[in-house]
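Good morning, everyone. Please have a look at the chain on the screen before I start.

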Amino acid sequence: MTGCCLPLLCAPPSPSMSNATAITPTREKDFPEWYQQVVRAADMAENSEVRGCMVIKPWGYGLWENIQRQLDAKFKETGHVNAYFPLLIPLSYLEKEAQHAEGFATECAVVTHHRLEAQKQEDGTTKMIPTGELAEPFVIRPTSETIIGAAFARWVESYRDLPLLINQWCNVMRWEMRPRLFLRTAEFLWQEGHTAHETEEEAITETRTMHKVYEEFLRDHLAIPVIPGEKTERERFPGAVQTFTVEAMVQDKKAIQAGTSHYLGQNFSKAANIQFLGRDNTRQFAYTTSWGVSTRMIGTLIMAHGDDDGVIIPPRVAPNQIVILPVTPKPETRDEVIAACEALAKTLRAQTYAGEPLRVHVDKRDLQGGAKNWEWIKKGVPMRLEMGPRDITSRSVAVCRRDQGPKAKEFVPKEDLIRSVVERLEEIQDALLARATALRDSNMKKLETMDEFKAFFAENSEGGFALMHWAGSSDDEETLSKELKVTIRCIPLGDQYAEEGKCFLTGKPSSRRVVFARSY
RNA sequence: CGGGGCGUAGCUCAGCCUGGUAGAGCGCUUGCUUUGGGAGCAAGAAGUCGUCAGUUCGAAUCUGGCCGCCCCGACCA
């Protein structure tokens with residue numbers, strides 16, 4: 001912890017510091033440190049005693065559960081079913097696809113023993129010594145293409161067995177050198193879809209379908225606009241023929257890959273021997289795909305929507321969409337106020353938003369009102385409602401929206417609120433998407449020359465997404481990325497990027513712009 | 001894994017240079033006061049100073065190894 005050096009700034013802002021923010025430092029001042037502080041202030045996750053592995057706390061895990069449930073529904077709608085495969089992968093499986101093996105080799109945790117032996121030490125303590133060395137070590141899955149491929153090889157015999165449309169929700173492990181809560185941890189939670197198809201065309205359609213599912217989920221559920229596109233060869237998933245990505249811009253104007261969908265061609269089916277007898281009575285290799293999103297999406301959400309008072313969670317995925325704060329200035333009216341809050345919560349829970357019952361919490365803890373209020377601001381609950389003795393008399397409720405300032409408060413007749421609450425949540429959801437879209441669009445520029453490009457990514461400039469004509473090679477891309485710390489995030493899909501021009505590096509003709517940015 | 005910074009109470013840190021075995025603020029507990037608000041006063045609980053070894057009569061403080069965390073880089077969802 002190097003930031004936050006002034007003791008004065010470390011204390012929570014006092015009421016007299018009217019311009020103070022709940023989070024120190026601000027985004028402007030030190031974005032990476034702001035991120036760390038926000039995750040902690042929102043009580044979403046913490047570093048654990050295990051290197052690189054986080055503890056996801058209830059508020060963070062509740063968000064993940066909502067993401068999981070809503071995405072899972074979309075997977076089911078598109079014909080997929082869930083299954084579960086082993087955590088441990090025989091080492092030899094990873095050797096089957098050369099590029100794939102090479103891609104993950106440097107970040108694998110390896111299991112080499114299967115038992116421990118207690119050994120008494122002279123000082124009375126006990127040491128556990130690994131024994132029972134395995135004939136073949138296992139790798140803790142960094143991804144499951146190989147082991148699911150082996151299962152698919154057993155399951156597929158005829159074209160009639162295809163397509164296989166499987167998804168798995170699980171944890172994976174990649175021994176990252178520089179972990180960061182949610183964004184890059186040694187162990188993380190994700191879903192990985194794996195499918196096998198009879199034809200190339202069908203597999204490509206599947207890849208694009210899931211790519212679209214991610215794009216829509218991020219936009220409609222997480223209120224994050226993304227640029228869907230294809231990765232260049234340099235950035236492709238190890239072993240894939242094509243990798244599609246959804247790239248989001250967060251508030252420091254860097255890009256973050258929020259989801260990927262890979263067309264694997266026959267690379268993995270040949271490696272795992274996924275063969276079937278086709279309609280023409282010949283043995284053929286299946287065409288496979290894989291696609292995934294991870295808990296990194298939570299980090300993306302925090303960086304996309306958070307402000308200097310903490311996290312802001314879009315209503316659709318918030319663990320609690322509404323928190324009711326009873327105002328209890330006098331002990332003698334406390335019971336009455338709590339009862340009124342509970343009654344309101346019950347009425348609200350009977351309503352649905354985006355097909356799910358409203359998630360309403362009444363915070364009855366015996367704490368100062370202000371402390372409670374700020375806690376929920378930092379956690380990013382979309383809507384706070386306050387109700388006290390005066391409101392009961394006037395039949396009104398104080399409504400605070402997290403997408404507005406911490407002091408913004410609107411007194412609304414209770415019946416009106418009940419009638420309009422879903423609409424209000426929708427407004428917050430829309431406002432967050434609009435805000436994130438405006439941020440992205442105002443920091444995305446079409447540039448033509450190398451000078452413009454260099455100025456855009458210069459040390460002290462804002463940066464952002466640079467839309468460039470590109471016809472360079474992988475080596476050109478490598479050189480450029482080393483020099484300016486930017487990469488091609490994707491070759492975006494969509495007509496708005498298709499136009500004739502000249503590559504800003506080589507001068508060769510180009511028919512489409514690509515997105516350059518610094519990235520996570 | 002390379003460069004830099006840092007590990008002292010739950011959190012943020014002071015003390016280390018000039019060795020004599022611990023402090024502050026916030027948080028926590030209790031009491032009183034206060035109450036549309038991250039409040040005030042008082043009392044209290046809480047740390048084998050990351051870890052292992054060395055130097056020393058004596059180590060948070062000096063030396064070395066290891067582990068971990070943070071920032072930058074390489075790598076990556």
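I will go from the whole chain down to single residues.

This is a predicted model, where local features need pLDDT of at least 70, side-chain atom pairs count only at pLDDT 80 or more, and totals for chains, interfaces and linings use all residues. Residues are numbered from 1 along each chain as its sequence is written, chains are lettered from A and ligands numbered from 1 in the order in which they are written, and side-chain values use heavy atoms, with hydrogens and water left out.

Let's begin with overall size.

How is chain A divided into domains? Domain 1 covers 54-304, domain 2 covers 320-426 and domain 3 covers 444-517. These bounds come from an automatic or database domain assignment. Between domain 2 and domain 3, the C-alpha centres lie 48 Å apart.

Next, secondary structure. Chain A has 15 helices and 26 strands. Both are DSSP runs, numbered from the N terminus: helices are H or I with at least four residues, strands are E with at least two.

Now burial. Buried means under 20% relative accessible area, exposed means over 50%, and partly exposed is in between, with a 1.4 Å probe and protein chains only. In chain A, 51% of the 520 residues are buried. Helix α9, residues 296-305, is mostly covered, with 10 of its 10 residues buried. Among them are Arg-296, Met-297 and His-305.

Contacts come next. A contact means heavy atoms within 4.5 Å. Of the contacts in chain A with a separation of 6 or more, 68% are between residues 24 or more positions apart.

Two residues show this locally. Take Glu-215, in helix α7, residues 200-220. Is Glu-215 buried or exposed? Glu-215 has a relative accessible area of 15%, so it counts as buried. Setting aside residues up to four places away in sequence, Glu-215 touches Val-226, Pro-228 and Val-246.

Then there is Gln-284, in strand β13, residues 283-285. Its relative accessibility is 24%, so Gln-284 is partly exposed. Beyond its neighbours within four places in sequence, Gln-284 contacts Ile-274, Gln-275, Phe-276 and Gly-278. Gln-284 and Cys-400 are 116 residues apart in sequence, and their C-alpha atoms are 61 Å apart in space.

Now the backbone. Which residues does a cis peptide bond join, with omega about -5°? One such bond joins Thr-24 and Pro-25. Pro-25 sits in the loop between α1 (7-10) and α2 (31-41). Another joins Leu-162 and Pro-163. Pro-163 is in the loop between α6 (145-155) and β7 (164-173).

Last, positive phi. Phe-182 is not a glycine, yet its phi is about 70°. Phe-182 lies in the loop between β7 and β8 (187-197). With a relative accessible area of 1%, Phe-182 is buried. Lys-485 is not a glycine either, and its phi is about 60°. Its loop runs between α15 (474-484) and β24 (487-492). At 59% relative accessibility, Lys-485 is exposed.
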